[in-house]
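Subject: Structure for you to look at

Hello,

Here is the structure I said I would pass on. My notes on what was found in it follow below.

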Amino acid sequence: MPAQSVLIRDSSFLTRALQQYLSLLKKYPILTKSVTSGILSSLGNLLSQALEYRKSNKENSPKKKISVLGPLHFAVFGLFITGPVSHYFYHLLEVLFPNTVPYCLIKRLLLERLIFAPAFLLLFYVVMNALEGKTLADVQNKLKTSFWPAMKMNWKVWTPIQFININYVPVQFRVLFANLVALFWYAYLASVRK
């Protein structure tokens, strides 16, 4: 009689990991969100580099090396900027537009899309270029060439996501939700910044 392999899934590991994350989120909300942002931002950059590497292999063009600095820069940005800034911004939205305010869903979205998103994208460009050791002229040139296309893409991609996030995701999970989507967004940003 042949032996049969049985796949065993340890759901208790996932349950314990989730419980640990929720415990850390409750005890250290900003730190937990910051570390999560740093890790997921770094993974987004690695994903971008992996996609570029794969594309260069298919096109028989010179192979691009995977850079360690890219994920490091994105980790720093996620840890020190994305995590804490997003945490405070999502809480500010709740204070400015609680559910009792008429049209709060639309007001939150408009503030996030028209004020926060452009400012955050600008901050991303400035900080990332500074981390890369670029000059102010380099930053200005990069802003002229790629800020507006990235902003338009941000509005297309993030508007429905942020509508759901800021109106239906509990406030303590909004940074995580945005970071999971941003995993792919940062891959896009890394590619357009080149």
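In which helix is Gly 78 found? Gly 78 is found in helix H3. Helices here are DSSP runs of H or I with at least four residues, strands are runs of E with at least two, and both are numbered from the N terminus.

Before the rest, two notes on the source. This is a predicted model, in which local features need pLDDT of at least 70 and side-chain atom pairs count only at pLDDT 80 or more, while totals for chains, interfaces and linings use all residues. Residues are numbered from 1 along each chain as its sequence is written, and side-chain values use heavy atoms, with hydrogens and water left out.

The chain as a whole

The chain has six helices and zero strands, so its elements run α-α-α-α-α-α from the N terminus on. Its C-alpha trace spans about 70 × 55 × 30 Å along the principal axes. Of the 194 residues, 38% are buried. Buried means under 20% relative accessible area, exposed means over 50%, and partly exposed lies in between, with a 1.4 Å probe and protein chains only. Among contacts (heavy atoms within 4.5 Å) with a separation of 6 or more, residues 24 or more positions apart account for 73%.

UniProt, in an unreviewed entry, lists residues 68-90, 110-131 and 171-188 as "transmembrane region". Those positions are given in the numbering used here, with feature names shortened, and such annotations may be inferred rather than shown by experiment. In the model, residues 68-90 are 96% helix and 0% strand, with end C-alpha atoms 31 Å apart. Residues 110-131 are 100% helix and 0% strand, and their end C-alpha atoms are also 31 Å apart.

Helix H2 covers residues 29-58. Its 30 residues should span 44 Å at 1.5 Å a residue, and its end C-alpha atoms are 43 Å apart, which agrees. The expected span is 1.5 Å times one less than the number of residues. Gln 49 is found in H2 and counts as buried because its relative accessible area is 10%. Leaving out residues up to four places away in sequence, Gln 49 touches Lys 65, Ile 66, Ser 67, Gly 70 and Pro 71. Just after H2, Asn 60 takes a positive phi of about 55°.

Helix H5 (residues 136-168) has 33 residues, but its end C-alpha atoms are only 40 Å apart, short of the 48 Å that a straight helix would reach. A kink of about 45° lies at Trp 158 in H5, shortly before Pro 160. The bend at a residue is the angle between axes fitted to the seven residues ending there and the seven starting there.

The core and its surroundings

The largest nonpolar core has 28 residues, and those with the most contacts inside it are Phe 77, Tyr 90, Leu 121, Phe 124 and Tyr 186. Helices H3 (69-96), H4 (104-131), H5 and H6 each give two or more residues to this core. The largest share, 10 residues, comes from H4. A nonpolar core is a set of buried Ala, Val, Leu, Ile, Met, Phe, Trp, Tyr and Cys residues joined through side-chain atoms within 4.5 Å.

Phe 77 touches residues including Phe 120, Leu 123, Phe 124 and Tyr 186. Gly 78 is buried, with a relative accessible area of 0%. Its contacts, apart from residues up to four places away, are Ser 34, Ser 37, Gly 38, Ser 41, Gly 83 and Pro 84. Tyr 125, in helix H4, is also buried at 0%.

Tyr 103 lies in the loop between H3 and H4. It counts as exposed, at 68% relative accessibility. Its phi is near 60°, a positive value in a residue other than glycine. Most residues other than glycine have a negative phi.

Arg 174

Arg 174 is found in helix H6 (residues 174-193). It is buried, because its relative accessible area is 4%. A polar atom of its side chain lies 2.9 Å from the backbone oxygen of Val 169. Beyond its neighbours within four places in sequence, Arg 174 is in contact with Tyr 90, Glu 94, Arg 108, Asn 165, Ile 166 and Val 169.

Regards

Notes:
Polar contact = N/O pair within 3.5 Å; in protein donor to acceptor, adjacent residues only side chain to side chain.
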